[in-house]
Amino acid sequence: MKKLFTCIMAISILAAVGCNNKKAVEEKSEIQQKVDEYAEFTLTSDLIQNLSANEKELLKVFIQIGEVMDDIYWDEYFGNENRRNLDTLTDPAIRAFAEIQYGAWDRLDSEKPFIPGFGERPLGANFYPTDMTKEEYDALQDPLKESQYSVIRRNAEGALEVLPYHVAFADQMAKVDSLMGKAIELAENPGLKKYLEARREAFRTDDYYNSDMVWMDMKDSKLDFVVGPIENYDDALNGLKCSHEAFVLVKDEQWSNDLSKFAAMLPEMQKLLPCDPKYKKEVPGTDCDINVYDVVYYAGDCNAGSKTIAINLPNDERVQLAKGSRRLQLKNAMRAKYDNIMVPIANLIICPEQVDSVTFNAFFGNTCYHEVAHGLGIKNTVTGRGPCRQALGAEYSAWEEAKADVCGLFLTEQLIQRGEITNTTVAQNYITFIAGLLRSVRFGATEAHGRANIMCYNYFKEHGAFTRNADGKYVINVDKAREAARGWAAIIIAMEGEGDMAAAKAYSDKNGKIGTELQADLDKIRDANIPRDIRYNQGVKALGL
């Protein structure tokens, strides 16, 4: 009887161990599946062959600076101590996913934690102490606390103090200063050299206005280097603090020349916007350019989670009103997303009669004019609440992305009808746009672009822009989609022009949710193992330098 009991106990223990091992394998497989949702892509460009020896050396220095930006961003978003703890992880899939996310929270799944021991992502990331109270923050008497270029820390006594970026990241910025000196020596193009000199000074002072203005004048360089603290998406507490990042870019001169004529048309485009005239009285600057690049290196914020495929900068409203902004289209990155994600999604969800209307030219155009539309609309509220960005606070990013999406679509339609764009049709752009919504809503409701697209999807659905056939595939009604675009654009521009944060939050809370039908579509896309985004094999070796 004792032997039988012992055997039963042994079998029970083995069964338990077996179940635990099975559970561990299942959990590991789930994380590995998340890793696999990012299609691997080697980031390179044939355009490098056209560069001089000096320009190739300059690319190497830019990548070194980008690596420092990457280190700073880890600290801003996740914290250096937390990052060091990643070395203790034994599961290679979890470590790989943490590297993709730059931390413990899944950016494409409502920032849910995926590493044991981590709770919800702090609203203020690591820009603020995680235990800081609102009362403490409000009581802090330092004008730099609301600077885009400062962090708040606790001093030795536990009190809050404000540290400008050049102080908080002094060691890293010393490396950057030295590398910027090397880059300035190597730069052959006068405009690029002047920009690098101005940006070096900006890193020393945390005053980026002059370097942004100089960057706007840099018209004819084969290389570009977008670097520094730029976007404020990660500060969900106050919508203030800018995250460090870097893009290393090589210009596609042929594609850029084809787009150059559109910069002068921005004031006319502003007048066309489908909104109340009081929201479009501002005149956008025309001293800007729309150019096409291959991106050869990402670092920091732009490399975290979903990858940026187009750039519209500077964000400084003073620069935008004085000179406009520059729109940089990242063609090789767009192509990677189109081939790996858009085409499989379209084949799965768009009806057979319309699937051929999903094209790369339409995808490129929608993305390109998304960036153009960032410079349009209204920058300062009509209600005396100041700049729209400031008035809407943490709500601003999602609404601004929503504006850029739908106003870019509207402007593309106008340019096609005028014969300015000839490589795509209005129907192709609307059908590709709606297929693209199914790609970008997968970014999740906590990410600005994702929430913007969820609101757009729900508005378009409510206004009959698409239905489903007997097979559950989307049938796009182009006429109703055009009407929906106009109505949605009017709502967004008015929301920004009024600057009512409470109203913006109430609308987005109600309409920025994924419904049952949309979730079923997303589940279908997931079950088909279609990637959600891309991850890069990148760097000097990948470029063959």
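## Strand 7 and its neighbours

Eight bridges pair strand 6 (residues 223-231) with strand 7 in the antiparallel sense. Strands here are DSSP E runs of at least two residues, while helices are H or I runs of at least four residues, both numbered from the N terminus; two strands count as paired if DSSP finds at least two bridges between them. Within this pairing, valine 227 has alanine 246 of strand 7 as its bridge partner. Strand 7 also runs antiparallel to strand 8 (residues 290-300), joined to it by seven bridges.

A quick note on the model: it is predicted, with local features needing pLDDT of at least 70 and side-chain atom pairs counting only at pLDDT 80 or more, whereas totals for chains, interfaces and linings use all residues. Residues are numbered from 1 along each chain as its sequence is written, and side-chain values use heavy atoms, leaving out hydrogens and water.

How many residues of strand 7 (residues 243-251) are buried? Nine of its nine are, where buried means under 20% relative accessible area, exposed over 50% and partly exposed in between (1.4 Å probe, protein chains only). In a regular strand, side chains alternate between the two faces of the sheet. Here Ser243, Glu245, Phe247, Leu249 and Lys251 point one way, His244, Ala246, Val248 and Val250 point the other way, and all are buried.

## An aromatic cluster

The structure holds 30 aromatic pairs. Rings of Phe, Tyr and Trp (its six-membered ring) pair if their centres lie within 6.5 Å; planes under 30 degrees apart are stacked, over 60 edge-to-face and the rest tilted. One of the pairs joins phenylalanine 78 and tryptophan 105 edge-to-face, at 5.5 Å centre to centre and 80 degrees between the planes. This pair links distant parts of the chain, 27 residues apart: phenylalanine 78 is in the loop between helix 2 (53-77) and helix 3 (80-85), and tryptophan 105 is in strand 2 (residues 105-106). Phenylalanine 78 is buried at 3% relative accessible area, and tryptophan 105 is buried at 4%.

Tryptophan 105 also pairs with phenylalanine 118; this pair is edge-to-face because the planes are at 85 degrees, with centres 5.9 Å apart. Phenylalanine 118 is partly exposed, at 24%. Ring pairs link Tyr73, Trp74, Tyr77, Phe78, Tyr102, Trp105 and Phe118 into a cluster.

## Charges over rings

Tyrosine 77 has the charged end of arginine 107 over its ring, 3.9 Å from the centre. The criterion is NZ of Lys or CZ of Arg within 6 Å of the ring centre and within 35 degrees of the ring normal. Likewise, the charged end of lysine 145 sits over the ring of tyrosine 137, 4.5 Å from its centre.
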